[in-house]
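The sequence and the structure come before the discussion.

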Amino acid sequence: MPKATSASGSGARSALRRNQACRSCRKRKLKCDAARPHCGTCVKHWQSLISVPAPVGYAHPVEPQCVYDPVDGLTLSPETDPIEKIRLLEEEVSKLRIQLQEQNIPAHSPGPSMSRRHIYGLCRPGSTATSPGSDSQMPVPGNKLFAYNPGDVSGLHHLNFRQDGLAMNMQCTAVADVHSELIHTGWNTDLPEPHVLDHYIETFFRCDPCGPRILHRPSFFAAMCLHPRDPAFPHSAILHAICASASRWSSRNVAMQPDGSRKDEFAEYHASKTRKYIDRTMATGADIFQVVQACIILSWYFYQEGGWVEAWVFAGFQTRVAIPLRLNYPGTFCAHGGALTAGYLPPPRDFRDLETRRRTWWMSIVFDRIVAAGGWTHSIDERDIGTELPLRGEDFDAEHLIPNNPQDMSTEDFFITHLPKYTDSFLLFIKAIMMFGRVTDYNVRSKLRTSTLPKKYQDPFALPGFKELDSLVHRSFLENLPHSHRFNIGVTDVLANGPLVDTDLYMVHVIPYAASITLHNLYLDLNDVHRLSTTRCIEAAQAILSAYYMLSATSLDTTRLHPFITICWYLAAVVQVQVCKHFIEMGDRVREAQVWGEINVLRQAMLNYGSRSPIGTRQEGLLRGLMKEAVRLSSQKQPLEVGLPLYPFSHATLFADPTLPYCDAPVAPLPNPSIPEHHEATFYESTVGVEAADQLPLPSIYVGTSMVAGNLQGDAPPRSSDFLAWDNNSGR
């Protein structure tokens, strides 16, 4: 029966509604009068608390700790944030929804990738939802990349289903329903659909020569099978950057510009999304390491696009951001320093986290050195790099728990000592780039210390440190490569899968010659045939050209090479342009025709690379600007309009005049200099003879490397030692 009505006076307060009492009283199970802003019980408790002196190191609260839940009809407590409360409720609802969906997943789920499809409730174009016991399973796009065309969006409107062996075709007309499903599952709708994203991730790891170095592929693919709201799911900034980079090899919305460059709207969209995450991190510091990784991937995208301003800005940003992360310290962590200099990141959690940080740091340093190749100051000096070199790629992927690499930039004989257990093509590539960076540092600092440019007649070997740097670049680095890497430029023939190329190893054999040109080009003087800088430059230019001949002898796609190869081709072409001017002034039309042909081979290499990466087209445009004077003075009818054969070394020579019979065409005979023996450079195992000439000669290295081009026209396969191993007589 109902309780009797209280006989208290009219001023008595009515009973409180549910959750109307303050949180402190509810927690301590005390009576509460719900007075605002602080109830009487909390006020009494606070007064008794402050009546006693506070212990050492402790301060009493300045007011009662009384907080209320929001109640209809009552004002909110000042400490209650409605937005934060809504966020907490949404997270709770999301967790409950995920638990409910996971309960509906069959216990015999076929695998992580299939589990993610069940979680999302999505149907991928061209895929089927088969029963676990079915013998026939349709392929999922992304496993067979060549069968899936990302540019064909018609498949997005046609979904194939198979259940109990019966096939049904359903037309999907409500695209909004698909988006609502994505939103419902927590998918970031700025990203492509899951099956399209899978395709771009697979393409990125398979084709991109730069970005995948900083990611642990097995764990990354495993993380992609998690729910999008899982904390271990890859960060959206990284996924956007991957889409921008991978679009180069799997384009969707590409338009060709009048100048021959590409405009990829899909890539530009995802690049802009990545930049928004970077801007947000700059303002808040949230997810800083993941965003730095995305920044590195995006930096290589801008570099391949020929976006010099973005590349320079990002190079400085990512290296400077890595400093407070303490990535430049041994073990990528430093426990020393006070509150102002402590590391932003905690110590690495495990082996994978440590190696990922190492690779992220070194890739930022490699990018900084490559961007500064034009003669710019580096963002960080090599003396401030204390991080040890990474481990081999196979050890990183397999997570072999081996000791840290004992080599860092302070190690003695860093560039010529290669420990077998800590050496692969990527580590050699890092060393080659750091060697190139030393050349850049030397040139930049030499200019800073002098008021005038160096003179061509000046002997550079008299300058401090020049001789040692020349010895490292010209001979020591290549001669001390491990045997398995010294006589192998990375191009191998595999009968089952066709020829393959190790991009890093190929660059290891090309970068020293580009560094030699950068070091000696200021002192190049073709009028002095005994000048060693002239020999070095022509030798390096011909070696780079011969390396391209050997690669073009295969069916490999040269656009898969590292983008820094375009800079190497450009440096070689710059030397050849100066040689061409020299022959024009001499009136030697035969050797001028030969050099024009070699220049056009390098131009064609840049243009071929530019068909996919605009940096090739940009470098070829810069080269044409340097060739204006040579074109104006040339006696050739069309020096820039040379018809290119399928292979530059074919007997249908580049240099033939189409108006002449083949037998009468100037087929670029070898220049035949007569130089003292101590300046002559030949190749091991090379037996091609050279006849004397009456004309003013070039250094004989111009002959030696041309032998390789001649050998490539024969039946015998080219040998890497033909142009990678130099005779000892060529040294100073």
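## Basis of the description

Contact here means heavy atoms within 4.5 Å, and helices are DSSP runs (H or I, at least four residues) numbered from the N terminus. This is a predicted model, in which local features need pLDDT of at least 70 and side-chain atom pairs count only at pLDDT 80 or more, while totals for chains, interfaces and linings use all residues. Residues are numbered from 1 along each chain as its sequence is written, and side-chain values use heavy atoms, with hydrogens and water left out.

## Helix pairs

Helix 17 (residues 503–520) and helix 18 (residues 532–552) have axes that come within 8 Å and cross at roughly 155°, the axes being lines fitted to C-alpha atoms over the stretch in contact, with angles from 0 to 180 degrees between N-to-C directions. Helix 17 and helix 18 are therefore roughly antiparallel, a term for angles over 145 degrees. Their crossing is left-handed, in that the near helix is turned anticlockwise from the far one by less than a right angle. Residues of helix 17 including Tyr506, Val510 and Tyr513 meet residues of helix 18, among them Ala547, Tyr548 and Leu551.

Helix 14 (residues 425–448) packs with helix 15 (residues 466–479) at an angle of about 155°, and their axes are 11 Å apart; this pair too is roughly antiparallel, and helix 14 passes helix 15 in a left-handed crossing. Among the residues that make the contact are Leu428, Met435 and Tyr442 of helix 14 and Phe466, Leu469 and Phe477 of helix 15.

## Nonpolar cores

A nonpolar core is a set of buried Ala, Val, Leu, Ile, Met, Phe, Trp, Tyr and Cys residues joined through side-chain atoms within 4.5 Å, where buried means under 20% relative accessible area (1.4 Å probe, protein chains only). The largest has 133 residues, and Tyr506, Phe564 and Trp569 have the most contacts inside it. Helix 19 (residues 565–586) gives the most to this core, with 15 residues.

Leaving aside neighbours within four places in sequence, Tyr506 is in contact with Ile489, Val491, Val501, Ala547, Tyr548, Leu551, Leu561 and Ile565. A second, separate core of ten residues includes Ala244, Cys295, Leu298 and Phe314.

## Cysteines

The structure holds zero disulfides, a disulfide being a pair of cysteine sulfur atoms within 2.5 Å. Cysteine 22 is in none, the nearest cysteine sulfur, that of cysteine 25, being 3.4 Å away; cysteine 22 is buried, with a relative accessible area of 0%. The sulfur of cysteine 42 is likewise 3.4 Å from the closest cysteine sulfur, in cysteine 39, too far for a bond, and cysteine 42 counts as buried at 4% relative accessibility.

Terms used. Buried < 20%, exposed > 50% of the residue type's maximum accessible area, 1.4 Å probe, protein only. Helix = DSSP H or I, 4+ residues; strand = E, 2+ residues; numbered from the N terminus. Parallel < 35°, antiparallel > 145°, perpendicular 65-115°, else oblique.
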